[in-house]
Amino acid sequence: MPLSIATWNINSVRLRLDLAKRVIAEAQPDVLCLQETKTPDENFPKEAFEKLGYKYQLVHGMKGYNGVAVLSRVPIEEPSTRGWCQRQDCRHGIVKLPGGIELHNLYIPAGGDVPDPEANPKFAHKLQFVDEITEWFGAHKNGVQKILVGDLNIAPLETDVWSHKQLLDVVSHTPQETTRLLDLLDRGGFVDAVRHFVPPEQKLFTWWSYRNRDWAASNR
């Protein structure tokens, strides 16, 4: 059956609950996947989403940081979570959708500002995280169809950004990261849903930083 899935780094579900309600009202997704929920499970606004029809829920959060959630109007099965890099920092939630499809909601670490694993522990953590999930997905090709959504914090193609050359030494755009993400997609057997319809050689921007000085100008 047709099924619509929305994914959103909400950056605090409690602070942006009204925005979530607006997104649901306008997009009406069957499944809503959130990242950076930034709240322990007991404080997640479960009842608010239940009233909107999302009575099937996987909530996996912590105080102040990270957190993922899968909110569904259709039944989900076998909800589970995974920890990576010997941490339990709430970055990976898994459910089974109707038909047995595995849905993975993932929040890859941002990696800090310095693209040097020796000088920046956050960047080292990011690279290790992607390496571990790549190995795991590569080893779990069990014939089950999988969907991977989330905040991946890496722009894998040169045409995903406004200037590949100028961003080569910026975290989320370095060759250390882009090659790893492409390897993850390949070894996991994933197809980039957007690039399935928009050719890889065509420029396509899906995110702009509101911190950029020309943010206002770019939206005129």
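Reply: Start with helices. A helix here is a DSSP run of H or I with at least four residues, numbered from the N terminus. Thr134 lies in helix 3. Keep in mind that this is a predicted model.

Me: Why is Thr134 called buried?

Reply: Buried means under 20% relative accessible area. Thr134 has 5% relative accessibility, so Thr134 counts as buried.

Me: What does Thr134 touch, leaving out residues up to four places away in sequence?

Reply: Contact means heavy atoms within 4.5 Å. By that test Thr134 touches Arg180, Asp183, Leu184 and Arg187.

Me: Why is the pair of Phe137 and Phe190 called edge-to-face?

Reply: Two tests apply. Ring centres must lie within 6.5 Å to pair, and planes over 60 degrees apart count as edge-to-face. The structure holds 5 aromatic pairs. In the pair of Phe137 and Phe190, the centres are 5.2 Å apart and the planes stand at 85°, so the pair is edge-to-face.

Me: What makes this a link between distant parts of the chain?

Reply: Phe137 sits in helix 3, residues 121-139. Phe190 sits in the loop between helix 4 (175-188) and helix 5 (193-197). The two are 53 residues apart. Ring pairs also join Phe137 and Phe190 with Trp84, Phe129 and Trp136 into a cluster.

Me: Are Phe137 and Phe190 buried or exposed?

Reply: The cut-off for buried is again under 20%. Phe137 is at 1% relative accessibility, so Phe137 counts as buried. Phe190 is at 13%, so Phe190 counts as buried too.

Me: How do you know whether Gln86 is buried or exposed?

Reply: Exposed means over 50% relative accessible area. Gln86 has 86%, so Gln86 is exposed. Gln86 is placed in the loop between strand 5 (77-81) and strand 6 (92-96). Its phi is positive, about 60°, although Gln86 is not a glycine.

Me: And why does Ser172 count as buried?

Reply: Ser172 has 15% relative accessibility, so with a limit of under 20% Ser172 counts as buried. Ser172 is in the loop between strand 8 and helix 4. Ser172 has a positive phi of about 95° although it is not a glycine.

Me: Which residues line the second largest pocket closest to its centre?

Reply: The second largest pocket holds about 210 Å³ of space. Its lining has 10 residues, and Leu3, Ile5, Leu97, Ile101 and Ile147 are the closest to its centre. Strand 1 (5-9) and strand 8 (146-151) each give two or more residues. Strand 1 gives the most, with 3 residues.

Me: What classes of residue make up that lining?

Reply: The lining of the second largest pocket has 9 nonpolar residues, 1 polar residue and no charged residues.

Me: How many helices and strands are in the chain?

Reply: The chain has 6 helices and 8 strands. Along the sequence they follow the pattern β-α-β-α-β-β-β-β-β-α-β-α-α-α.

Me: Why is the chain called as compact as a globular protein of that length?

Reply: Its radius of gyration is 18 Å. The globule rule gives 17 Å for 220 residues. The two values are close, so the chain is as compact as a globular protein of that length. Its C-alpha atoms fill a box of roughly 45 × 45 × 35 Å along the principal axes. Of the 220 residues, 42% count as buried.

Note on methods. Residues numbered from 1 in each chain as written. Predicted model: local features only at pLDDT ≥ 70, side-chain atom pairs only at ≥ 80, totals over all residues. Heavy atoms only, no water. 1 Å grid on protein atoms, 1.4 Å probe; cavity = no way out; pocket = protein on both sides within 12 Å on 5 of 7 lines; lining within 4 Å. Points joined across faces, edges and corners; volume = space filled by probe spheres on them. Nonpolar A, V, L, I, M, F, W, Y, C, P; charged D, E, K, R; others polar. Phe/Tyr/Trp six-rings, centres within 6.5 Å; stacked < 30°, edge-to-face > 60°. Buried < 20%, exposed > 50% of the residue type's maximum accessible area, 1.4 Å probe, protein only. Rg over C-alpha atoms; globule rule 2.2 N^0.38 Å.
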